[in-house]
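Here's a quick tour to read with the structure open beside you. Take it one topic at a time and find each spot as you go.

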Amino acid sequence: MPEIQLSGVPAAPGIAIGEVFLFRHDEPEFQQYCVVESFRGAELDRFEESLSETRRQLSTLRNRMSKLVGDAIARIFDAQAVILDDVEFISTIRNAISQEGLNAEAVVHRTANSFQEAFNNLDDEVFRGKAQDVHDVGCRIIRNLLGKGDSAIGPLDRPAILVTDDLLPSDVVHLLRKNVQAVAADLGGAASHTAILTRSLEVPSVVGLKDLTNRVKNGDRIIVNGNSGKVILNPLAETITSYVVKQNKYEEYLAELVDIEKHPAETTDGHRIALKANIELPGETKAALKHGCDGIGLFRSEYLFLTSNVIPGEEDQYKYYRQVIEAMAPNPVTIRTFDLGGDKVFTDLPLPVEPNPFMGWRAIRVFFDQPKLLHTQLRAILRAATAGPTRIMFPFVSGIMEIRQLKEIFEEIKSELEKEGFDFNPDVEIGVMIELPSAAIMADRIAKEVDFFSIGTNDLTQFVLAVDRGNERVRSLFRPLHPAVIRMIKMTVDAGHSAGIKVAICGELAANPTATMLLIGLGLDELSVSPLALGEIKKLVRSMSYEEAVEFTGKALEYDTAVELEHFCYDTMKHRFAELPIWFDNNSGNNY
Ligand code: PEP
Ligand code: MG
């Protein structure tokens, strides 16, 4: 068997060498047969029993998942349980069993397929999510009818690398098993559910490997490198040896970071940076605290919609935000208001299908048309903020008009809460994300209106360079280290500082070690990165002086092209921090 190297999207860091455990989410196999009239009552009873068993399983999964990653993700199972109470779905099945005389497996299969098809035909991301839920639930009922139990994945009785088409939320509990060394999946991108889940569980993973499941069989040797996105099938002995070395170095490095994580992010000449965490779900506060952060720099609150089929009400939101604020106190939590739209289409909120969703009805634009949504969220945050220091951050702001409008609403809500006698925190700071070129250009004026800035380099790069951040075809053009993007960052930092406010960065560039010295030298006050990147970035900050970072940045600003600037940053960092294992798999500065 020849060695094959594949490249996917690195989703959660770490290196694993092991054997393939192949799992595809195939539908359970069953026979179709006729049930004579006198046995149809018994067939209906069999169906009812499988429904109860399915309900029980979903509730167990929900509880286990809630302990694992928090209540928000666990609610995915509530969405599935709702299908079991859907009158139309269930009565269609009951009627077909009693009137047509088909066996329950065949009827459940047919009904789930037709509901799934109907949702898929609606051509909307949200309904496609529901179609997936109906499919999952249908398969689960059929497995129960067949007496096949709940083992979607498993059992993994020895350590193995899970190779799968996709990782469904219901599979995640199986990742609890120590035996899952890593995950490699056909589907998914860096921001996919699989990536988010594996990152929060700290299981190394690579996603987006296309047809990997067709290329392997159980027991094949495989290497998964969640740092670089490489997957190697049938590795040669020397490849294994070189990866064992990499793995050991990486593990030694992680062990070293544990100590560093206890110290502040301060340069050798005493320049202090706030190093915070980006999180999507409350359960991630554990990892953020473990890896030593100074608070949450970006809480992507719209992930609350990931798990809910209805727009979450004020009380639900209050509890959700409070969990995070309480866990992080006395460190501050920056809650970003819902950034729905773009690629984040999670709910049955009627988000239209648009030709350019990233530039369409998104984030605060949705709020202006659906004021209740903003109103409820701000009330919930202000009330939850009594548990600890909290900041509110508005995404996708394009200029002053929007900020004034948002501030007016914010003040109205405070008076309203006061009148109603609610306990709330009036000292919540208000900031904006600088992620649109218009906002960066107007940063000097915007700075006078807000308490802080946070630069979103993912969107800023997308809009400055006119490169769709999710489009594979133009991936090589998506370059946050383009001098045009760096100039916008510099303008924003300078504008913020002239107005006396702090400037943070929370886009992916903040977590890229190639850029750390440049960002420090540009004067950013705060870097906000995924919890797993905290130790590495802290190590870099603590190993450089502010003086050298400023001098380096002066030179970096002289470059005319992205390629030159990337190489300058990468070569300098690799040379300066040669002892770090993080450069192993990167041979260019453009590794985003
Ligand atoms: C960004 O745009 O850089 C950012 C942090 O926000 P998101 O990736 O959620 O759009
Ligand atoms: Mg953004």
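Helices α4 and α5 are oblique to each other. Keep in mind that this is a predicted model.

- Two packed helices are described by the angle between their axes and the distance between the axes.
- For helix α4 (residues 87-100) and helix α5 (residues 104-121), the angle is about 140 degrees and the axes are 9 Å apart.
- Why does that pair count as oblique? Angles over 145 degrees count as roughly antiparallel and 65 to 115 as roughly perpendicular, so α4 and α5, at about 140 degrees, end up as oblique.
- The crossing of α4 and α5 is right-handed.
- On the α4 side, the contact is made by E88, F89, T92, I93, A96, I97 and E100. They meet A104, V107, V108, R110, T111, A112 and F115 in α5.
- Sort the residues of this contact by type and you get nine nonpolar, two polar and three charged.

**The magnesium ion**

- Which residues hold on to the magnesium ion (ligand 2)? E435 (OE) and D459 (OD) coordinate the ion, at 2.0 to 2.1 Å.
- This pair links distant parts of the chain, with E435 and D459 sitting 24 residues apart.
- E435 is in the loop between β13 (429-434) and α16 (437-441), while D459 belongs to helix α18 (residues 457-464).
- Are these two buried or exposed? Buried means under 20% relative accessible area, so E435, at 2%, counts as buried, and D459, with 2%, is buried too.

- Most residues other than glycine have a negative phi, and most peptide bonds are trans.
- The peptide bond from A329 to P330 is cis, though, with omega near 5 degrees. You'll find P330 in the loop between α12 (314-328) and β11 (333-336).
- K210 isn't a glycine, yet its phi is positive, near 60 degrees. Look for K210 in the loop between β6 (205-207) and α9 (212-215).
- K210 has a relative accessible area of 67%, so it's exposed.
- A466 also has a positive phi without being a glycine, with a value near 55 degrees. This residue is in the loop between α18 and α19 (483-498).
- A466 is exposed, because its relative accessible area is 70% and the cut-off for exposed is over 50%.

Key
Residues are numbered from 1 along each chain as its sequence is written. Chains are lettered from A and ligands numbered from 1 in the order in which they are written. This is a predicted model: local features need pLDDT of at least 70, side-chain atom pairs count only at pLDDT 80 or more; totals for chains, interfaces and linings use all residues. Side-chain values use heavy atoms; hydrogens and water are left out. Donors are N, O and S atoms within 2.8 Å of the metal (3.2 Å for Na, K and Ca); water is not among the atoms, so sites may look incomplete. Helices (H or I, at least four residues) and strands (E, at least two) are DSSP runs, numbered from the N terminus. Buried means under 20% relative accessible area, exposed over 50%, partly exposed in between (1.4 Å probe, protein chains only). Axes are lines fitted to C-alpha atoms, for helices over the stretch in contact, and angles run from 0 to 180 degrees between N-to-C directions. Angles under 35 degrees count as roughly parallel, over 145 as roughly antiparallel, 65 to 115 as roughly perpendicular and the rest as oblique. A crossing is left-handed if the near helix is turned anticlockwise from the far one by less than a right angle, and right-handed if clockwise. Contact means heavy atoms within 4.5 Å. Ala, Val, Leu, Ile, Met, Phe, Trp, Tyr, Cys and Pro count as nonpolar, Asp, Glu, Lys and Arg as charged, and the others, Gly among them, as polar.
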